[in-house]
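Here is a short report for a reader new to this structure. Begin with the view below, then read on.

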Amino acid sequence: MKTPHVQFPDQLYIGGRWVQPLDGNPLEIISPDTEHVVFRVAGAGPRDMDRAVAAARETFDRGGWSAAPAFERIEALQRLADALERREPELAAAWSMQMGGPTSIAPHIVRYGTQNLFDAIKIGRQFRFETSPESAIAKGARIVHEPVGVVAAITPWNTPYMLMTAKIAPALIAGCTVVMKPAPETPIEAYIIAECADEVGLPPGVLNLVPAERHAAEHLMRNPDVDKIAFTGSTAVGRQIAQVCGERVRRCGLELGGKSAAIVLDDFSDAEAAKILTSTIVTLSGQVCAMLTRAIVPRHRHDAIAEAIAAEMKQIRIGHSDDLEAQMGPLATKRQLERVEYYVAVGLKEGAALVTGGARPPRPDRGFFFEPTLFANVKNSMTIAQEEIFGPVLCLIACDSTDDAIRIANDSIYGLNASVLTHDPRAAAAVARRLRAGNVAQNGMRADFSLPWGGFKQSGIGREGGEQGLMGYLETKTMLLDTTM
Ligand code: NAD
């Protein structure tokens, strides 16, 4: 696998130039496989954040980018997408190195990221930035969609490339300028994006890069020259961002956490359910916002399904990211490992039955590894069924009927994703319509990022993907003129 090559890891990208940080501290990237520091990049401080926002503001206000015809920006984005596509092998290597994700799936994860650009380009080409509707009071009414302004794009560490491109692609097509603030654990992808932006000649200030820890990120989030915060991360931080944006009536898009349910209907066998639920919960070691973490099953089949899942979980091969046979890698950070251990202890204390897992595996003997874990006889009111664990921990919950299953699934502060396990598409659709979640798929965790993606309730505000994703970076202006133009 190709090692990522970052040209200026000790610098930030601001106003079209690589610059030394003014007041940030370097960020260390720790391998989840080995627990060693494997890379260092610059960290931005508050003054760097202000510099980056000022550069993005100036470029936006000058209008060369923001007021240009959309096709010019779409052409620029096409060049960026092509440059990034050429660097996919490095992006894949970067993801595995920072996240510990298996190299076998890294190319697919990265492909989703580049696909976000291609999808946004397609949407941008079809989108009508100006229309002429009928108006009772003006012959020349026009509806004009204009860019929202300076965007701060703040992303987490689990799929950093995909989550960053989901923001920058529609934002740039809309005509916004962007300050990228990747997670301190996984900044390399954003460096590659900035290098490609430089290489393909995006105008200075259009795309800026300031990796940083929480303190500086908060400073960025509070900067009054930012017009929109595009955030993916925890609901806890999302609430803070919503508060700050609320004070200024500033735009924000929030893609937050989840506690998504999988409802097993009667026609779906124990073995089929066990296979899907297990292969899902080990994906990215459970560190997926859309993860199906609550399996809701008919009460009379609860014990048999628990047994079938435990048998599947025991077969899962855990290994280093470069182990081509590994089905599950480590958790991304020590903090994440400790968080999962904490929730396992809480589950036991509250009386859930630990069927399998619940500990670090004997091998590998270093790294942030954790076994696939099943809790059975979980009550939906328990902490492990209500709070997002973000690890390979599945809760099995018994229900008395399909109505009861839907009630349990909806009894959550979250509403990001859900699944209905059945061979009957009509039954799947009927249940899907009653679930309070932004995405519902038949038979497993499925997401199509070319379509709208986002959460109900405390899983977020707004949607990424599709035309709705582009609309999130546009303001709508109605012009009432005396004649048509
Ligand atoms: P996090 O909320 O701790 O951090 C996310 C980002 O916000 C990071 O870049 C971090 O540096 C920054 N940040 C932290 N505090 C901040 C503050 N006060 N002001 C501004 N920025 C701040 O989340 P995480 O642990 O990095 O990621 C895991 C979370 O992300 C999970 O809850 C997961 O469900 C969620 N997630 C959601 C989606 C989705 O599409 N809904 C996708 C992936 C991950």
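This is a predicted model: local features need pLDDT of at least 70, side-chain atom pairs count only at pLDDT 80 or more; totals for chains, interfaces and linings use all residues.

Strands are DSSP runs (E, at least two residues), and helices are runs of H or I with at least four, numbered from the N terminus. Two strands pair if DSSP finds at least two bridges between them.

Strands β12 (residues 260-264) and β13 (residues 292-298) pair in the parallel sense over 4 bridges. Ala-262 stands opposite Ala-295 in β13.

## The ligand site

Domain 1 (12-256 + 459-481) and domain 2 (260-448) both give residues to the shell around the ligand, so the ligand lies between them. The domain bounds come from an automatic or database assignment. The largest share of the shell, 4 residues, comes from α7.

A backbone N or O atom of Leu-256 lies 2.8 Å from a ligand nitrogen. Polar contacts are pairs of N or O atoms within 3.5 Å.

## How to read the values

Residues are numbered from 1 along each chain as its sequence is written. Local features need pLDDT of at least 70, side-chain atom pairs count only at pLDDT 80 or more, totals for chains, interfaces and linings use all residues, and side-chain values use heavy atoms, without hydrogens and water.

Key:
A polar contact is a pair of N or O atoms within 3.5 Å; within protein, one must be able to donate a hydrogen and the other to accept it, and residues adjacent in sequence count only if both atoms are side-chain atoms.
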